[in-house]
There are 2 protein chains.
Amino acid sequence: MAVIEPRVLKGFRDFLPPAEIERRDLIERIEASFRSYGFVPIDTPALEYAEILLGKGGGETEKQIYRFKDHGGRDVALRFDLTVPFARFLAEHRGELTLPFKRYHIAKVWRGENAQRGRYREFTQCDFDIIGSDTAAADFEILLMMRNTLAGAGILAGGAGGVTIKLNHRGLFNRFLEVQGIGGRSAAILRTVDKLAKTGAGEVLKLLAELTGPEKAREVLDFIRPRNSFEETLEAMIGAAGGESPGAERLKLLRRFMKDTGTEASFVLDPSITRGLDYYTGVVFETFLDKLPEIGSVCSGGRYDDLAGLYSREKLSGVGASIGLDRLIAALESLGAAEARSSYAPLAVACLREEDGGLYQALAARFRMADIPCEVFPDPRKLTQQFMLAEKKGARWMVIPGTSGGAAAPDAPGIEGGLTLRNLSRRENRENLPVQEIINIIKNESSR
Amino acid sequence: MAVIEPRVLKGFRDFLPPAEIERRDLIERIEASFRSYGFVPIDTPALEYAEILLGKGGGETEKQIYRFKDHGGRDVALRFDLTVPFARFLAEHRGELTLPFKRYHIAKVWRGENAQRGRYREFTQCDFDIIGSDTAAADFEILLMMRNTLAGAGILAGGAGGVTIKLNHRGLFNRFLEVQGIGGRSAAILRTVDKLAKTGAGEVLKLLAELTGPEKAREVLDFIRPRNSFEETLEAMIGAAGGESPGAERLKLLRRFMKDTGTEASFVLDPSITRGLDYYTGVVFETFLDKLPEIGSVCSGGRYDDLAGLYSREKLSGVGASIGLDRLIAALESLGAAEARSSYAPLAVACLREEDGGLYQALAARFRMADIPCEVFPDPRKLTQQFMLAEKKGARWMVIPGTSGGAAAPDAPGIEGGLTLRNLSRRENRENLPVQEIINIIKNESSR
């Protein structure tokens, strides 16, 4: 019979153990950080009514979404982000939630876009939001979590450098546009400014000029120029936006919070940060790795005042951000900061006699109880072959049961002869060890 | 503007925080168990070529699978289990894997089947397999993991009882059918016997009689009757299957391993266990909760000798099992053994003054560093209201900063006045506590 060629779809990936362990390590650290702030997880279906996911519809989304008819003829689609399902979730479960609601959602999304240039059609998003509190404290908590999850004791700890979070305030930007008399074109102007990092000032000036005329375009370009410090930039923005305003007050309070937590060095006020998306109404922010700024923002977000408007008449305001997991992993790898391991088990038990399989498991249970993951080899092959296999699978030690001439280890009943511990990389054996001593050796060396 | 009604598709579910936390707690415990045996995770795409997922095609699968044309006109489908993608994965990555390969995969699958009677169209599977070792040791490791992950120190610990794993051997069953001269109908007979628990002996006898005639049907029914003990059943099976055989040897060795690990009480040899699926060739097994056997098997599997045959000419043998997560959660809930909690954070910091948001975060950082997840409330509401909210969100304690008349806590700089710790359920306050004492109180009470 002809075999079917085993292959995955373009833009999709298998994760072999080393890559999957790396991804899980990262997700587990992100989750631990989110949980430490009192955030709780939710999940939503991968498949939803297309009407719900597309909302007002149109544009890029419609072209990229995986959409089809299900068995009942329903018009359904795979989620393409976690924001739209969250908006639907909020509208549907409003009565069951206690505000302020702090949730995170880490899950896969699908976009059938052009899979060239290393873009994936299936990737993991990692969103966190605070709903129902329009306060500087809520804005700041998201900013602080972005910083601390990545830098500080977070994912980048250990030589991969810090992060710089660039923030801006949409309200302040819009006041400036009103003062200039070009507030009516706000959405188009913000989207144009958003391209600054990619296309450069010259191109942005040209595009702005088409929208506002050359004189106003130069005013906008001057407005988005960062000054020497957070404070100076804020002063310049306030001046250009016609004086004090709620947005300026919000930024001042955020600056105070940064100082009160000793985190002010991580934050830059940058009026050129606008975010492309329409729903943001307050602060907006992007996060750059200090050692690798050129890869772009690894965590972005902002404040919105009506997330669930498509599905509910109740206004739900909030602030949130999203970590780009795939980009972050690529960055950690190129910084040499990714932990590469192919196994969770530092220890393997060799198989000498087929009929002793039960005794090997009883022995392994002792290590597992001591929180040392332990693999048991099932095949009685040559020991040299088993050493090689164990090393290849990522183990650092191998226990060889019943080979040394001595008496059985007192705490490993049934096995004839003592236990030998082999350090696989050093090719060193220590014979006749009790189980407890093996545990101590492994724990000591692992904690170094 | 009219709003779109927020709703999910029939058979699909949102997971609100209490349900999602419960699901994650369970998955995390299962994963920790798998990892302790040296198993490593993989992941595969949700979407694959329909040709690959359907293989030879036909039958129930074809009716249930979500299948459609993607943007490039490819015939694609959502995975309906984790076994078929794993077979494809093995064939595709054979050269990159070290055998024996021990992997687990916990992920969602989709089946557009009739969603009546509480069946879901999106659910989580939890598979674990050992590939490339046709040994009793590999069979036994899967059996032991099933038992220990669920019972022992596992998921059922704390009064939810133990598990009974019923096993059988397909090879032995087939030898018996050969002896009876009805080996040619093996697949149909095994599928019929598989219905015993559901339909009862009378119905099975009737269906068997249609396949084999009434006399042979009675022989089959006698063969699948368990005797008084593992050993007696095995003797009867060997006798009926024409004497000793590799399958009988395998079962004897497995029994020895059970005794050597002191786990024999958890295992029953039951020749009526056949599993419906065609690819099993050796041991097969099902797992029942002792306190809730009527819900059916919560973990099933077996040995196969050519899993990836559709995609590769190389034979890959293995043994594996799958935990039915949704069924297990339902069981834990009805046994009252599910941990119900709506938050990871036992502690919340109250908000008294909007402008102190940074100081509250600096204070919360102290608790987080001591491994106490801590939520910070962003809105300066009435304290009684904040107590109520904190309790509703699942916190047990609330820190009220700067209310008691005393001096600021020495380790909480900036906050004017001492810290008060409120036990929310007891409605008790303790005033003027240093941060470290609050940490001690929470840690002591949590470990009780």
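Colleague: What is the mean pLDDT of chain A, and what share of its residues reach 70 or more?
Modeller: This is a predicted model. Chain A has a mean pLDDT of 92, with 97% of its residues at 70 or more.

Colleague: Which elements of chain A have the lowest and the highest mean pLDDT?
Modeller: The lowest belongs to helix 3 of chain A, residues 59–64, with a mean of 81. Strand 1 of chain A, residues 40–41, has the highest, at 98.

Colleague: And what ipTM and pTM does the predictor give the complex?
Modeller: The ipTM is 0.94, and the pTM is 0.94.

Colleague: OK, on to the pair. How many residues of chain B are in contact with chain A?
Modeller: 92 residues of chain B are in contact with 92 residues of chain A. On the chain B side, they divide into 46 nonpolar, 16 polar and 30 charged residues.

Colleague: Different topic. Which domains does the assignment give for chain A?
Modeller: Domain 1 of chain A is 9–161 + 306–342, and domain 2 of chain A is 347–446. Their C-alpha centres lie 43 Å apart.

Colleague: Now some helices. At what angle do helix 7 and helix 9 of chain B pack?
Modeller: At about 175°, with the axes 10 Å apart. Helix 7 of chain B covers residues 186–193, and helix 9 of chain B covers 201–212. The two helices are therefore roughly antiparallel to each other.

Colleague: Which residues make the contact?
Modeller: Helix 7 of chain B contributes A188(B), I189(B), T192(B) and V193(B). From helix 9 of chain B come V204(B), L207(B), L208(B), L211(B) and T212(B). By class, the contact has seven nonpolar residues, two polar and no charged ones.

Colleague: Now the backbone. Where in chain A is there a cis peptide bond?
Modeller: Between L99(A) and P100(A), with omega about -5°. P100(A) sits in the loop between helix 4 (83–93) and strand 5 (101–110) of chain A.

Colleague: What about the bond from L99(B) to P100(B), cis or trans?
Modeller: That bond is cis, with omega near -5°. P100(B) is in the loop between helix 4 (83–93) and strand 5 (101–110) of chain B.

Colleague: Last one. What is the phi of N432(A)?
Modeller: N432(A) has a positive phi of about 55°, although it is not a glycine. N432(A) lies in the loop between strand 16 (428–430) and helix 16 (435–446) of chain A.

Key: Residues numbered from 1 in each chain as written. Chains lettered and ligands numbered in written order. Predicted model: local features only at pLDDT ≥ 70, side-chain atom pairs only at ≥ 80, totals over all residues. Contact = placed C-beta atoms within 7 Å. Nonpolar A, V, L, I, M, F, W, Y, C, P; charged D, E, K, R; others polar. pLDDT = per-residue confidence, 0-100. Helix = DSSP H or I, 4+ residues; strand = E, 2+ residues; numbered from the N terminus. Domains from an automatic or database assignment. Axes fitted to C-alpha atoms, helices over the stretch in contact; angles between N-to-C directions. Parallel < 35°, antiparallel > 145°, perpendicular 65-115°, else oblique.
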